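The sequence and the model are shown first, and the description follows.

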Amino acid sequence: MEDYRGRMRDTRRRARRRRAIRNRIILTVLLLILVVAAVILGKKFLDGDFKKKENTTFPAGTTNQTETAGEPGESTPAESGGAPAADADSALSQAAALAASYDYDGAIALLKSVSGYESDSRITEVITGYEETKKSLVAADITQIPHVFFHSLIVDTAKAFGSEKSAAYNQVMTTVDEFDAIMQQMYEKGYVLVKIHDMASKQDGEMKKGTILLPPGKKPFVLSVDDVSYYEYMQGHGFANRIVIGEDGYPTCEMDMANGTVQTGAFDVVPRLEEFIKAHPDFSYKGARGIIALTGYDGILGYRTAPKYGDPSDDSYKAEYASINVESEREKAKSVAARMEELGWEFASHSWGHKDMGQAKIENMKTDMQKWLDQVNPLLGGDTDILIFPKGTDIGSWRGYDNNEKYDYLSSVGFDYYCNVDGNQPWVQCTSKYLRQGRINADGFEMYYHADKLSPFFDAASVFDKARPTPVKPMG
Ligand SMILES: [Zn+2]
């Protein structure tokens, strides 16, 4: 019985053990299944979640790519992303400056250079406006363009009219106050400064009339200033000493003041006209400035550039210049001239020794001009092609320069523009070889005796400086 019970117990024990083992296997299998299921589900979940994340970010990325794909290049999107607005703004203000000086084509070309300008209504509206203005422009009659000229301005009237040269200054000079009033009145009458090179220019060796397009009512004129040398004889007579370039990069003047100091300021035509144009950009056609006529015997622009200043054996100059360094004077003159040319000023020969070229024998005229070409021309940016005759003379009659030896010589050394003095009416002669233009003197003599001739430009009576001695003595 014990054995049986014992066997029976063993059998049950074995059976329990087998069940336990089977259960453990089942549990293990179930656990394995659960783990595998969990891994699969988990992976699925994670995959799904990851894809979802991708799905939320990817379209945004795609959009970005589409946006940048429209830009010209891989490296530009960042730049052009911010640049178009800045470009447009600066282009609009630059274009406005060009249009103010009647360069509508330049303004339109500049605006069209802005990438995507077609979709910027600010730009397209401005372009349309310029196109409309262009249709209203009138071509100037080149043969009717007047030329007004000045000399260096009298700053201190007491000194100038109290000097031994008072009579001469009273005749041919203009005071600072008169100049300012003249510019203002001419501006109000619609005058616009143009370059003589805008009137005509040489193309393939042939002089051809230019086209000057201005709004109706605007009147072109050329301006020149003679003898911008600040001659020795003018010293202490109330004029500037020289032209310098100011800290702002614009030409200004230095002048000896009554108290013995040297002051910098707008003491002559060049800086005063610059200031006037800055305030009234529509007074200058496409950046035009005046013509500066230079002799050579006392140097140019107030610099003692003539060789005599470096020659100890030469006693034809004031002792105070004995220690001057001519080379350094020449360098200074050169850099002032270069800056002026950059701003639109043009230079003319006024002969070397202020010679009457009409009366001079041709050999003397050639010798004098050669000195100018050797000493003055190299200080200027390019080869000078404008000749402003000294003393208001000319080398020929109104008929022209045919069979004229002096013209043949002057033409052979590069002169294509010839200016005399003719106060009666605008006078222009343009042939296939040269342009000649008469000039009117806006000075004391003309204001006092020929106010009527100046009346198209300004009212001489209201301009005439009360500091002038009257009557103005006629030129002898
Ligand atoms: Zn002169």
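## Strands, helices and core

In this predicted model, strand β9, which spans residues 251–256, is joined to β10 by four bridges in the antiparallel sense. One of the residues involved is M255, whose bridge partner in β10 is Q263. Helix α9 (residues 269–279) packs on the sheet and touches β8 and β9, with its direction at about 140 degrees to that of β9. Helix α10 (residues 326–342) also packs on the sheet and touches β8 and β9; the direction of α10 makes about 70 degrees with that of β8.

The sheet itself is open and consists of three strands in the order β8-β9-β10, with antiparallel pairing. Because β8 (242–245) and β10 (262–265) each have a single partner strand, they stand at the edges, and one side of each is left without a neighbour in the sheet. On average, neighbouring strands of this sheet are turned by 35 degrees against each other, direction ignored.

Further strand pairings occur elsewhere in the chain. Strand β14, covering residues 417–421, is mostly covered, as four of its five residues are buried. Strand β13 (residues 386–388) runs parallel to β14 and is joined to it by three bridges. Together with helix α12 (residues 405–412), β13 and β14 make a right-handed β-α-β unit. Strand β14 also pairs with strand β16 (residues 435–441), in the parallel sense.

Strands β4 (residues 200–203) and β5 (residues 206–209) pair in the antiparallel sense. They form a hairpin with two residues between them, and D204 in the turn has a positive phi of about 50 degrees.

| Strand pair | Sense | Bridges | Residue pair |
|---|---|---|---|
| β9 and β10 | antiparallel | four | M255 and Q263 |
| β4 and β5 | antiparallel | four | A200 and K209 |
| β13 and β14 | parallel | three | I388 and C419 |
| β14 and β16 | parallel | five | V421 and R439 |

The largest nonpolar core comprises 102 residues, of which V194 and I292 touch the most other members. At least three residues of this core come from each of domain 2 (83–136) and domain 3 (139–463). Leaving aside residues up to four places away in sequence, V194 touches I145, M199, I212, P220, F221, V222, Y285 and A288.

A residue in a loop may be considered next. K165 lies between α5 (157–161) and α6 (166–172), in the loop that separates these helices. K165 is partly exposed, because 13 other C-beta atoms lie within 10 Å. When residues up to four places away in sequence are not counted, K165 touches Y233 and H237. The C-alpha atoms of K165 and M234 are separated by 8.5 Å, although the two residues are 69 residues apart along the chain.

For the protein overall, the secondary structure comes to 15 helices and 16 strands. Of its 476 residues, 34% are buried. Among contacts with a separation of 6 or more, 67% are between residues 24 or more positions apart.

Terms used. Residues are numbered from 1 along each chain as its sequence is written. This is a predicted model: local features need pLDDT of at least 70, side-chain atom pairs count only at pLDDT 80 or more; totals for chains, interfaces and linings use all residues. Two strands pair if DSSP finds at least two bridges between them. Axes are lines fitted to C-alpha atoms, for helices over the stretch in contact, and angles run from 0 to 180 degrees between N-to-C directions. Two residues are in contact if their C-beta atoms, placed from the backbone, lie within 7 Å. A nonpolar core is a set of buried Ala, Val, Leu, Ile, Met, Phe, Trp, Tyr and Cys residues joined through C-beta atoms within 7 Å. A residue is buried if 20 or more other C-beta atoms lie within 10 Å of its own, exposed if 12 or fewer, and partly exposed in between; C-beta atoms are placed from the backbone. Domain bounds come from an automatic or database domain assignment. A crossover is right-handed if, with the strands pointing away from the viewer, the path from the first strand over the helix to the second runs clockwise.
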